[in-house]
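Subject: Structure handover

Hello,

Here is the structure I promised to pass on. Please open it first, then read my notes below.

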Amino acid sequence: MNVHVCLQMHRPDHAEKQLRIMQQLDEDHTLTQLTNAWVDLAMGGPKIQEAHLIFQDLSEKYPTTCMILNGLISTMPTSNFEDAEGVLLESLNKDDKDAETLANLIVCSLNLGKSASRYLNQLKLAHPDHMWVKRMSSAEDSFERACPSDIMIFAVLLLTFM
């Protein structure tokens, strides 16, 4: 819990200190390994490869979960969206309401030039309080306030035919 809080505060240095305490207690414990991968992701750089190896090891030891699959795609090179999409679709088959999988599929679809509306609609239905849904609603509201209805209709038509 301490590591999670530190990572949410964007303090990977403090998270790493908490991780060291966990490693002193039991370095091979699954929770310690998973926490190590999260900290490595937050640290970035060469640590991302270490996180990838941890997620791979966990996926070989245990039945894959949405958390492990999303962890695997987060360590992939950013240009590898085709492979990431395959992993995410596997995760979606395990749990079609997993918020992180749906959010990652939205990003992946957009980067592949595919429609993300299906995943966005699923995310809106399953997790109406999710950060993506709130930001999307806020952007839509701002757009509606900024544009008269005639311009908005024109913009929707223009986007439809692009």
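Which helices each supply at least two residues of the lining of the largest pocket? They are helix 1, helix 3 (30-43), helix 5 (66-74), helix 6 (81-94), helix 7 (99-111) and helix 9 (131-146). Please keep in mind that this is a predicted model.

**Overall fold**

The chain has ten helices and zero strands. Its pattern along the sequence reads α-α-α-α-α-α-α-α-α-α. There are 162 residues, and 33% of them count as buried.

**The largest pocket**

The largest pocket holds about 1,200 Å³ of space. A general point on how such space is found: a probe the size of a water molecule, rolled over the atoms, shows where empty space is left.

The lining is made of 30 residues. Nearest the pocket centre are Leu 41, Asn 70, Ser 74, Glu 100 and Asn 104. Helix 5 gives the most to this lining, with six residues. By type, the lining residues divide into 18 nonpolar, ten polar and two charged.

Take Asn 70 as an example. This residue lies in helix 5 and is among those nearest the pocket centre. Is Asn 70 buried or exposed? Its relative accessible area is 8%, so Asn 70 is buried; the cut-off for that class is under 20%. To place Asn 70 against another part of the chain, look at Phe 55. The two are 15 residues apart in sequence, and their C-alpha atoms are 9.3 Å apart in space.

**Salt bridges**

In general, side chains of opposite charge can pair when their charged atoms come close. The count here comes to four salt bridges. I describe some of them below.

- Asp 13 and Arg 11 meet through their side chains at 2.7 Å, N to O. Asp 13 is partly exposed, at 33% relative accessibility. Arg 11 is partly exposed too, with a relative accessible area of 33%.

- Arg 20 and Glu 16 form a salt bridge at 3.8 Å, N to O. Both sit in helix 2 (residues 12-26), and because they are four residues apart there, about one helical turn separates them. Arg 20 counts as partly exposed, at 44% relative accessibility.

- Glu 85 and Lys 114 pair at 3.0 Å, N to O. Glu 85 lies in helix 6 and Lys 114 in the loop between helix 7 and helix 8 (117-126), so this pair ties together parts that are 29 residues apart in sequence. Lys 114 is partly exposed, at 41%.

**A surface patch**

Which residues make the nonpolar surface patch? Met 1, Val 5 and Met 9 make it, and the patch covers about 360 Å². Met 1 is placed in the segment before helix 1 (2-8). With 78% relative accessibility, Met 1 counts as exposed, because the cut-off for that class is over 50%.

**Where to look**

Next, find the salt bridge between Glu 85 and Lys 114. Finish at the patch made by Met 1, Val 5 and Met 9.

Best wishes

How values were computed: Residues are numbered from 1 along each chain as its sequence is written. This is a predicted model: local features need pLDDT of at least 70, side-chain atom pairs count only at pLDDT 80 or more; totals for chains, interfaces and linings use all residues. Side-chain values use heavy atoms; hydrogens and water are left out. Patches are made of residues with over 30% relative accessible area and no salt bridge: like charges are joined within 9 Å, nonpolar side chains (Val, Leu, Ile, Met, Phe, Trp, Tyr) within 5 Å. Accessible areas come from the Shrake-Rupley method with a 1.4 Å probe; for residues, only the protein chains shown count as cover. Buried means under 20% relative accessible area, exposed over 50%, partly exposed in between (1.4 Å probe, protein chains only). On a 1 Å grid over the protein atoms alone, a cavity is a set of points where a 1.4 Å probe fits but cannot get out, and a pocket is an open set with protein on both sides within 12 Å along at least five of seven lines; lining residues have an atom within 4 Å of a point. Grid points are joined across faces, edges and corners, and a volume is the space filled by probe spheres set on the points. Ala, Val, Leu, Ile, Met, Phe, Trp, Tyr, Cys and Pro count as nonpolar, Asp, Glu, Lys and Arg as charged, and the others, Gly among them, as polar.
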